[in-house]
Amino acid sequence: MRVLGIETSCDETGVAVLDLTAEGPRLLANLVASQTDVHAAYRGVVPELASRMHEVTLPPLLDRALADAGCTAGGLDLVAVTQGPGLVGALLVGLNFAKALAYASGIPVVPVHHLEGHLWANWLGPPPPDAPFVTLLVSGGHTELWYSTGPLAHRRLGRTRDDAAGEAFDKIATLLGLGYPGGPAMSRAAEGAPHRTLDFPRPMLHDPSLDFSFSGLKTAVLYHVRGDRPNEPTVPPPESVDEIAANVQTAIVDVLVAKARRALKLTGARVLCGAGGVMANAELRARLADECDAEVLVPPRDLCVDNGAMIAAAGAARFAAGVRGDLTLNAHPALPLPDPIEGVPCALVP
Ligand code: KG4
Ligand code: ZN
């Protein structure tokens, strides 16, 4: 069974062809066209530009993906597409492209929740997670903890009350002059620089809930960089930007690891899945593996950031569970987490 995955929720256009074989899923093509260069001038994603870029990029990217996969549109069995959450214009471009393709090819289309898609990146490299498991979902717009009783049955345990972890990386990188996108720039700067030398806040670390908050950290770094510290003269900080980046990264990772550990303890789950772009961060990956008393599964780094393969995987699973879309499918910028579907096996087979 060949599944086409289409992802256009933000500033990456993703097209992938996933083949479900009796031996397991095989990724035949996975192309991501990043719009970073276009948005970098504005230090953030400009929604209208994102939509227009998706529109221009999708047709040739599909052609290349099909060529990589060695098949034609007629050889596809299913189209999976991100329905939300995300930028409404960007989502609409991908959704309409997917519906047109499915209609013209006479194959079904299935809508995918972008965050559940991130989780399904874990099914693209062995071993797939066994339920029950806890998921730490850390993307540019979301920071959440879920408890899953099956691969399509998630309940949210906690979420950020303001900025997401990725947003904190991006905004703090901007104020440190590290450029856009901020997460990769911060982790590059942090490499080899001294950690735990500056006293940045760990927001909500000791709060008993599983919620997060990162906007206070951003403000603390802003004051620090401005030299605006209580009872001290207003002077620029003596440390290098790299040292500040390393300390910020460690502050964010401290909170993420502590809350993931708490979620595992509260639920009794023995498996932790990582998902989302921030999971590409080396310190986070290493410390979750070292400090969580659980089997820690994280996707390969290139599958942590937005891509079509994760959408194909999640779409295939939802299709197998009976979920169907039709030509009335609409984009949903604030799509809620789907209702749990229980009793679905963890293996991804045709
Ligand atoms: O999941 P994703 O690709 O897109 C969304 O759905 O938002 O996540 C993008 C986020 C951005 O905030 C980006 O700065 C962050 O992931 N990110 C990282 C790293 N790579 C990407 N954050 C920290 N360290 C990284 N290596
Ligand atoms: Zn994402």
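This is a predicted model: local features need pLDDT of at least 70, side-chain atom pairs count only at pLDDT 80 or more; totals for chains, interfaces and linings use all residues.
Local features need pLDDT of at least 70 and side-chain atom pairs count only at pLDDT 80 or more, while totals for chains, interfaces and linings use all residues. Residues are numbered from 1 along each chain as written, chains are lettered from A and ligands numbered from 1 in written order, and side-chain values use heavy atoms, with hydrogens and water left out.

Ligand 1 has 18 residues around it, with His-118, Gly-140, Asp-170, Gly-183 and Gly-277 the closest (near here is a heavy atom within 4 Å). By type, that shell splits into eleven polar, five nonpolar and two charged residues, with Gly counted as polar and Asp, Glu, Lys and Arg as charged.

Oxygen atoms of ligand 1 pick up several polar contacts (N or O pairs within 3.5 Å). A polar side-chain atom of His-118 comes in at 2.9 Å, a polar backbone atom of Gly-183 at 3.0 Å, and a backbone N or O of Gly-166 at 3.2 Å. On its own ligand 1 exposes 550 Å², and the protein buries 88% of that (Shrake-Rupley, 1.4 Å probe). Helix 4 (114-120), helix 5 (165-175) and helix 6 (182-190) each give two or more residues to the shell; helices are DSSP runs (H or I) of at least four residues.

His-118 turns up again at the zinc ion (ligand 2), where His-114 (NE2), His-118 (NE2) and Asp-306 (OD) are the protein donors, 2.0 Å away. Donors are N, O and S atoms within 2.8 Å of the metal (3.2 Å for Na, K and Ca), and with water absent sites may look incomplete. The donor spacing reads H-x3-H-x187-D. Both histidines, His-114 and His-118, belong to helix 4, four residues or about one turn apart.

Technical notes. A polar contact is a pair of N or O atoms within 3.5 Å; within protein, one must be able to donate a hydrogen and the other to accept it, and residues adjacent in sequence count only if both atoms are side-chain atoms.
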